[in-house]
Amino acid sequence: MAEHENSNDFGQQLNSDAEPLKLPDLLDRGWKIFDEVDQTNEPLGSNSIQVRVKRGISMLEEASRMAAQLDLFSRNEELQETATAELKYLLLPALLGALTMKQTSRDKRLELVQTARAYFVDFLTRCKDYNISQFELPKSANGNESADEASENKPFHGPSDLVSMAAQRRVKIERYRKKKELEARLSDVRKAVDSGKADDEVSRDFYLLNLCRWVTVCLEEVESIDQEVEILKKMDVLKQSAAEQPARAARPPMKPFILTKNSMQAQVFGAGYPSLPTMTVDDWYEQHRKRGALPDQGIPSRVTIEEDSNATDREEEEKEKKAENEDEEALLKSRNWDDWKDTHRRGYGNRHNMG
């Protein structure tokens, strides 16, 4: 709520003729908003962050219009001819592109990244004109090219392209190393600028280091945006093709079928897998209940019980007779063994090869 009120207050200040914000104030506030959004731990898609992003974009856009009216920069000028106080306004397109990339509208994502790319390329072009840093401008993006054409025109990275890929890798490594060095130098110069004791030379060095750092940042952002644009265009093509396809009619459920040559063969040899059920559990239970085969339903007939008892008695008698016969045989064998031991001494049968 407070952010919304602040946004309204800023809009009133811009539209009010009484006390309009000056160009330095607009740049400083927009730059500060970017630093706060870039370093915050809050989710980027939160309402408060998005309100601040839009407020910062409005400030920087107004500052860009004022800088264009003042005609601060010209391609015919050299970097040495530009005043130190005016160098910081070269950062306006870079800050606008960075804040535009912070917006999280999914429906307008393609439009946002293309707008941010235009800001980054504008900043890089100005830095190239003033010879602030040595780099190659990115190729212009063809907005009318379709995603399929872009994929066809994109070179295939085969074995013959390994040299160029290695060169690109070296360029990225060198760019990253240079970026870290610039950030280290900036941290030292920033202390003197923030203290208010910096002279014109230190302030000029501070803005030039910022410009060089933003050159590396913008080059990386343009490469990332080109890849994202290609993906977003392909997604749009897929969505359009999916919307143009007619809706498929609902198919009726399929009936079970038997994987055999014919139904007659399936009846004889079986289907080769568990067949479909032919009765419910209740039907099976009722069928076995009528037969008296369930333990809790009915008792077998008395005739069956008497036959089973007679068979049991006969089995017991046979077992007793067999035990008696076995006892007599065992007794006879024991007696014969005792008689043999009486007439033969121990070890009698093992003296065959003992001399």
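This is a predicted model: local features need pLDDT of at least 70, side-chain atom pairs count only at pLDDT 80 or more; totals for chains, interfaces and linings use all residues.
**View 1**
Let's start with an open space in the protein: the second largest pocket has a volume of about 480 Å³. Sorted by class, the lining holds nine nonpolar, three polar and eight charged residues.

**View 2. Helix α5 packed with helix α6.**
Two packed helices are described by the angle between their axes and the distance between the axes. Here α5 and α6 (residues 109-129) pack at an angle of about 160°, and their axes are 8 Å apart. Because of that angle, α5 is roughly antiparallel to α6. Their crossing is left-handed. On the α5 side, look for P93, A94, L96, G97, A98, T100 and M101. Residues of α6 in the contact include L112, V113, A116, Y119, F120 and F123, along with R109, D122 and R126. By class, this contact has 11 nonpolar, three polar and three charged residues.

**View 3. Helix α5 meeting helix α2.**
Now turn to α2, whose axis comes within 10 Å of the axis of α5, with a crossing at roughly 40°. This crossing, too, is left-handed. From α2, the contact uses L27, G30, W31 and F34, while α5 brings L92, L95, A98 and L99. What classes do the residues of this contact divide into? Seven are nonpolar, one is polar and none is charged.

How values were computed. Residues are numbered from 1 along each chain as its sequence is written. Side-chain values use heavy atoms; hydrogens and water are left out. On a 1 Å grid over the protein atoms alone, a cavity is a set of points where a 1.4 Å probe fits but cannot get out, and a pocket is an open set with protein on both sides within 12 Å along at least five of seven lines; lining residues have an atom within 4 Å of a point. Grid points are joined across faces, edges and corners, and a volume is the space filled by probe spheres set on the points. Ala, Val, Leu, Ile, Met, Phe, Trp, Tyr, Cys and Pro count as nonpolar, Asp, Glu, Lys and Arg as charged, and the others, Gly among them, as polar. Axes are lines fitted to C-alpha atoms, for helices over the stretch in contact, and angles run from 0 to 180 degrees between N-to-C directions. Helices (H or I, at least four residues) and strands (E, at least two) are DSSP runs, numbered from the N terminus. Angles under 35 degrees count as roughly parallel, over 145 as roughly antiparallel, 65 to 115 as roughly perpendicular and the rest as oblique. A crossing is left-handed if the near helix is turned anticlockwise from the far one by less than a right angle, and right-handed if clockwise. Contact means heavy atoms within 4.5 Å.
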